[in-house]
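Hi,

Here is the structure I promised to pass on.

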Amino acid sequence: MTHRLTPKDILALGFMTFALFVGAGNIIFPPMVGIQSGEFVWTAAIGFLITAVGLPVITVIALARVGGGIDALSSPIGKAAGVVLATVCYLAVGPLFATPRTATVSFEVGIAPLTGDGALPLLVYSLIYFALVIGISLYPGKLLDTVGHVLAPLKIVALTILGVAALLWPAGGLAPATHDYQRAAFSSGFVNGYLTMDTLGALVFGIVIVNAARSRGIDNAKLLTRYTVIAGLIAGVGLTLVYLSLFKLGSDSASIVDQQANGAAILHAYVQHTFGGMGSFFLAALIFVACMVTAVGLTCACAEFFEGLLPLTYRQLVFILGLFSMVVSNLGLSHLIQFSIPVLTAIYPPCIVLVLLSFTLKWWHKSSRIIALPMLVSLIFGIIDAIKTTEFKALLPGFAQNLPLADQGLAWLPPSLVMLVLVAVYDRVSGHQSVTAHQQ
């Protein structure tokens, strides 16, 4: 007899997937896009939703189809390249950017308004915060389930209150769009969606979602895929609703906060304006718990991954990852975002190519060349786009500044498509030749 999930279990799996995704980035970037895009807010929102909801959901589906993690998905590009890609993804969503960001966001929303934005309060806070993260992560089996079960509904209720408030009680005042959004609202939103790191998160969390379904006794591959897809879609709907309400909150907040403020400052200003001091306390509590759970999930996932690669135990890795994240978090939120932009701009394109092409494997005679070469091209042009976001952009040759779609931050797209067409034609021709030779 085939095991099936009850509707309640399917919903819980969807809520868990949603809870894994909703971390610091998901709460701070939409209000920033909202306030900076001004009158173009909904054009920017569409671009943002493609990379911050569409791609992560497609990634979860791609992982469900191969029945596992990023290593199974990247098998066509070879073991070594797959390990490098997985390592970069785990480091980016782990100790380099996403985990430290959970501490800085929860500090800026909850603690900084009381203590001031100094280096000492952040240091003290990050020590306590990461002591808790390390403590919880040492026992992944015990706490993640209970926290996840209680927390996902709590998060959803709190985010719903915030979203409904943004619709019913806008703070007022639409600022004119900044230069970037006036020039290219859609693609500015598209590239800002990278910053939530949800597609990289999906590559890391995909195995967690598949394993959660397996833990209920589901071993039928088709059912596993179906349940994981449903969970991904539930999470996608939830994320879309959260983002739309936060875009609205941001775009209506120009009268109460500076247009260049980061998302934590915009949220704090709105909640203070609408709910007063008590509201700020609730927002601080919500973001603290949301960030803490994401940090624990990321630390556990990274420690499990690196345990397979390094001669270190899971517990040692939890300490190393937690302490490293604590040190990085003391750079502060704005610096962290600044450092993460070039890295994410470089590594997102090959991840997008890998995920999308994984749906076409059955079409080719030799799928490795079909995937590897377009990924390589997208990485090279992604690196050029990344350099353009830094101080070193003057070092790039003139042609790099004027590539097609370069002003949109999508210079990687045309050459990757050209390479895909070339290898597809080569695959067809060589496949045809080998069939002919075989027949002779």
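Serine 188 is in contact with Asp180 and Tyr181, once its neighbours within four places in sequence are left aside; contact here means heavy atoms within 4.5 Å. Before we go on, note that this is a predicted model, where local features need pLDDT of at least 70 and side-chain atom pairs count only at pLDDT 80 or more, while totals for chains, interfaces and linings use all residues. Residues are numbered from 1 along each chain as its sequence is written, and side-chain values use heavy atoms, with hydrogens and water left out.

Serine 188 sits in helix H9, residues 179-192. Helices are DSSP runs of H or I with at least four residues, strands are runs of E with at least two, and both are numbered from the N terminus. Is serine 188 buried or exposed? With 12% relative accessibility, serine 188 counts as buried. The cut-offs, for a 1.4 Å probe and protein chains only, are under 20% relative accessible area for buried, over 50% for exposed, and in between for partly exposed.

Glutamine 182 is also found in helix H9, and glutamine 182 is partly exposed at 46%. Not counting residues up to four places away in sequence, glutamine 182 touches Phe40 and Ala177.

**The core**

Next, the nonpolar core, meaning a set of buried Ala, Val, Leu, Ile, Met, Phe, Trp, Tyr and Cys residues joined through side-chain atoms within 4.5 Å. The largest one has 135 residues, and Tyr90, Tyr129, Leu200 and Ile287 have the most contacts inside it. Helix H12 (residues 263-307) supplies the largest share of this core, 20 residues.

What does leucine 200 touch, leaving aside its neighbours within four places in sequence? Leucine 200 is in contact with Cys89, Ala92, Val93, Leu344, Ile347, Tyr348 and Cys351.

Threonine 17, in helix H1, is buried at 0% relative accessibility. Apart from residues up to four places away in sequence, threonine 17 touches Ile209, Ala231 and Ala235.

**Empty spaces**

Rolling a probe the size of a water molecule over the atoms shows where empty space is left. On a 1 Å grid over the protein atoms alone, a cavity is a set of points where a 1.4 Å probe fits but cannot get out, and its lining residues have an atom within 4 Å of a point. Grid points are joined across faces, edges and corners, and a volume is the space filled by probe spheres set on the points.

How many cavities of 30 Å³ or more does the structure hold? There are two. By class, the lining of the largest cavity has eight nonpolar, seven polar and two charged residues. In this sorting, Ala, Val, Leu, Ile, Met, Phe, Trp, Tyr, Cys and Pro are nonpolar, Asp, Glu, Lys and Arg are charged, and the others, Gly among them, are polar.

The second largest cavity holds about 30 Å³. Its lining is made of Gly94, Pro95, Thr99, Leu298, Thr299, Cys302, Leu321 and Ser325. H12 gives the most to this lining, with three residues. The classes here are four nonpolar, four polar and no charged residues.

**Charged pairs**

Side chains of opposite charge can pair when their charged atoms come close. The rule for a salt bridge is a side-chain nitrogen of Lys or Arg within 4 Å of a carboxyl oxygen of Asp or Glu, and by this rule the count is three:

- Aspartate 252 pairs with lysine 248, with the closest N and O atoms 2.5 Å apart. Aspartate 252 is buried at 13%, whereas lysine 248 is partly exposed at 22%.
- Lysine 388 meets aspartate 385 at 3.6 Å, N to O. The two are three residues apart in helix H15 (residues 367-388), so about one helical turn separates them. Both lysine 388 and aspartate 385 are buried.
- Aspartate 427 and arginine 428 are joined at 3.9 Å, N to O. Aspartate 427 is buried at 0%, and arginine 428 is partly exposed at 42%.

Cheers

Definitions and conventions. On a 1 Å grid over the protein atoms alone, a cavity is a set of points where a 1.4 Å probe fits but cannot get out, and a pocket is an open set with protein on both sides within 12 Å along at least five of seven lines; lining residues have an atom within 4 Å of a point.
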